[in-house]
Every structure is written in C-alpha cells, then in structure tokens.
Amino acid sequence: MWYHRLSHLQSRLQNLLKGGITCQALQQPNFKSLFPIAIHWHHTASKSLNCVWQQLEDHFELQYADTVMRFDYVWLRDHCRSASCYNSKTHQRSLDTASVDLCIKPKIIRQEETTLFFTWPDGHVTRYELDWLMKNSYEGQKQKVIQPRILWNAEIYQQAQVPSINFQSFLETNEGLKNFLQNFLLYGIAFVENVPATQEHTEKLAERISLIRETIYGRMWYFTSDFSRGDTAYTKLALDRHTDTTYFQEPCGIQVFHCLKHEGTGGRTLLVDGFYAAEQVLQKAPEQFELLSKVPLKHEYIENVGECHNHMIGVGPVLNIYPWNKELYLIRYNNYDRAVINTVPYDVVHRWYTAHRTLTIELRRPENELWVKLKPGRVLFIDNWRVLHGRESFTGYRQLCGCYLTRDDVLNTARLLGLQA
Ligand SMILES: C[N+](C)(C)CCCC[C@H](N)C(=O)O
Ligand SMILES: O=C(O)CCC(=O)C(=O)O
Ligand SMILES: [Fe+2]
C-alpha cells in the first residue's frame, strides 16, 4: 500500500521534472483521452511581459498579469476579429457561429510580443491581443462590477453632501449632465434645482437624459389625491417604502418626481437604498439572500376605476443578481402589489417569508431612512431598480408630476459621456 502510493508519487514527480504535465482530459473517459499529449508551458521571450500559456486538450490556458484564464476553443474561434469574421465599422459579427466545428482546436499557436496568433485547421488565422483577452475573459469579469455604487444609509448619504445640479447647467452643459449622472449612478438618487415648476419643464429635463417610458399612467403624469386611478398613490394616505411597477416584466428603470404644489402638511418623501439593505442581509444571512434571489414571484396590478381597465402581471425574484459575480442589479419590493404566491411549494414559502422578513427589517431601520420634502423647483430622480420610495400621509392640496424613464437610454447617455454604466 505504502509502496504503491510512493511509486505513484515518484512517477508524477518524474513527469513534472521532465516538464510534462498530463492534461485533465486524460482522466476523463472520452475519445480525446485516447491520445494523451504532453503539454509545455510557453514562456514569452520578453520576461517583462509576464505571460505564459499552454495549449491544452480542450482549452487554452493563459497566465497573464497575475491572472490564470481559461478559454474554450469554440469561444476563441467565435471571437475572431479578422475582417472576414467581424465588421469593425458596425461592431457586428459576420462569422456564422453555427459553422464552427464544436470540436475545433488550433493547429498552431504562436506569440509575437503582446499578440497571440492562432492558426485554425482550415488555415484561417486569428490574432488576439493579450490585453483584449484579459479584459474579455470570464476570470477578468468575475472580479469586476458592472456598476460601481456607493451604498448608503441616511448618515452616509448626508455626510457625502452630494451636490444638486442646477437646471441651467443640466440642460446646457455636458459637464453638468455628467456630474448629475455620475451622482445618480453612484447613489441611485439625484436632484436638479431651480426647475420652473411646470410639467413642460420637467419633461424637458427628462428628455435631456433619456426617452420617456410611456406606461398605463401616460407619458408625463400629473396627479393629485383625487383617486382618478385605482391606486393608493392617488390618495392622501401614507405609502410604505416600495419600488414602482413591480408588475411589469421589466420594472421602470427611473422615476422622476416634481412636486408642483403643496398647500398643507405632511407628504414628505421617504427614500431607502434597497441595495444597502440587501447587502446587510447578505452579510447576516447569506442563505436568505440567495433565496430572495432565486424564488420567482408575481406582482400584479388590477384596475377597474372609471375608464381605466388594466391587468398587469410581472414575474421575477425580489433580488436580481448577475450570476457570474453575484452583483445586485434590481430589487422588486412592493408589498401592496405582490400577487398571490403560487409558484413555490409550502416549505420553500416559509423560508421565503423568513428571508423577506429579514430584508424588511433592514429596509425599515430608521437609520436607513432618508426623508426629504419635495418642493416646487426641486426635481428628484430615483433609480427604481435600487432605491425604494414612500411618502408620509398629507393634508391639503398636493400636485405631483413626473414620468418614468427607460433605463437603457439613461445608461446609454451615461456611457456616451464616458461614465461606467
Ligand atoms: C402615480 N404614479 C404614476 C407615479 C405611479 C402609480 C403607481 C403605483 C403602483 N402601486 C406602483 O407602485 O407601481
Ligand atoms: O405621492 C408621492 O409622493 C409618491 C407616490 C408614489 O409612490 C408614486 O407615485 O409612485
Ligand atoms: Fe410609488
């Protein structure tokens, strides 16, 4: 027994010393393993490059800038940026991916400085820049966030002293718009000051950064507590923290609020960073965070008031995360509009309620609540995928106008201004 293990170790050691590393496929019982090949690490001539690679049986392994990256050969062929495979004017692929042999392997790989050249069995040559591979590898992406954010509670937000942007500079300068968007992306809320208190000016603001998302509430909406629509928003009642349009398959990305008039008391707006609360859940109870990101729920809007007849249903988990880096990108939280839960068995339901409670406790901590009084002239933009809003009950006449924005178009504007979004 001892002897056995020893000799096994010895032969492995000898293999290593010879410089041969048997590839993983060797242990897998498939046709590829019939022809084990010895693989050698290729070191770059220039030591300063700090790059080694090896051509393995079923993938290419590259070690560059302290990262080990693994690339599938079909992926590599699919991402060929040669003129016949990719149109660099339109940034679109011309290669028909379905024409690539799923067992494709390069015939030759060679390196010149910072470029790798792959020659494929049909003679086609693909070149890859090491930096491009680094940037576009799974291993590279896994460590990156798509959207840098500053998570906040009331104190963090107030301490940050995030400046509001002036109406004029928002409309007339790219710098003003960029500052505004940078704050909005980081905090999920941002204010514009000195806006003339009309619906038209509010619309102008919205159109400066995005297409307006028209919904069942209209393009620009304008509302008071007249119960003209079958929803609590159109009353004087308090509204607990929530995100809007959870009953859409894709909830509206951004909400714009402009209070044009309020003669009365109360009516303050509550803002809570949903991602901050979710992060607390992740720290305290990761399995509950996971459940909230896995269990699909329905939200529903049923309206039959006057001429308005609507029935909307949206499906999705409370927390939506990117699977490769676990980054949170959307929270759907609206206890008013949550529909009957009939998509989950009873035992999971119970665990889900526990997880939902944990999140709710975090969302309701007074220290996480930011209260603001909306005033004519001060327009609030809310990231409806991240920040929850609510309102205090009020008395008197209160007029609010605003609209929803399409998230894609807001992010598009941000990217065009050079921001990471
Ligand atoms: C008044 N306004 C148009 C802004 C929104 C009304 C939507 C209210 C709904 N319960 C929701 O949370 O989605
Ligand atoms: O009246 C308010 O301040 C906000 C009401 C609300 O939640 C909404 O309109 O989405
Ligand atoms: Fe709302």
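Colleague: Which residue in β25 is the bridge partner of Val 272?
Modeller: Leu 388 is the bridge partner of Val 272. Please note that this is a predicted model, in which local features need pLDDT of at least 70, side-chain atom pairs count only at pLDDT 80 or more, and totals for chains, interfaces and linings use all residues. Residues are numbered from 1 along each chain as its sequence is written, while chains are lettered from A and ligands numbered from 1 in the order in which they are written.

Colleague: How many bridges join β18 to β25?
Modeller: Five bridges join β18 (residues 269-273) to β25 (residues 387-391), and the two strands run antiparallel. Strands (E, at least two residues) and helices (H or I, at least four) are DSSP runs, numbered from the N terminus. Two strands pair if DSSP finds at least two bridges between them.

Colleague: What is the strand order in the sheet?
Modeller: The order is β16-β25-β18-β23, an open sheet of four strands with antiparallel pairing. β16 (239-242) and β23 (370-372) are the edge strands, each pairing on one side only. From one strand to the next, the twist averages 20 degrees.

Colleague: Which helix lies across β18 and β25?
Modeller: That is α9 (residues 274-284), which runs at about 40 degrees to β18. Axes are lines fitted to C-alpha atoms, for helices over the stretch in contact, and angles run from 0 to 180 degrees between N-to-C directions. Contact requires that the C-beta atoms of two residues, placed from the backbone, lie within 7 Å.

Colleague: Moving to the ligands, what surrounds ligand 2?
Modeller: Its surroundings are Ala 233, Leu 239, Asp 244, Thr 269, His 389, Arg 391 and Leu 400; a residue is near a molecule or strand if its C-beta atom, placed from the backbone, lies within 6 Å of it.

Colleague: And which residues surround ligand 1?
Modeller: Among them are Tyr 217, Trp 221, Phe 223, His 242, Asn 334 and Asp 337.

Colleague: Turning to the hairpin, which residue takes a positive phi?
Modeller: Gly 123 does, near 95 degrees, in the hairpin of β10 and β11, which has five residues between the strands. β10 (residues 115-119) and β11 (residues 125-129) pair in the antiparallel sense over five bridges, and Phe 118 stands opposite Thr 126 in β11.
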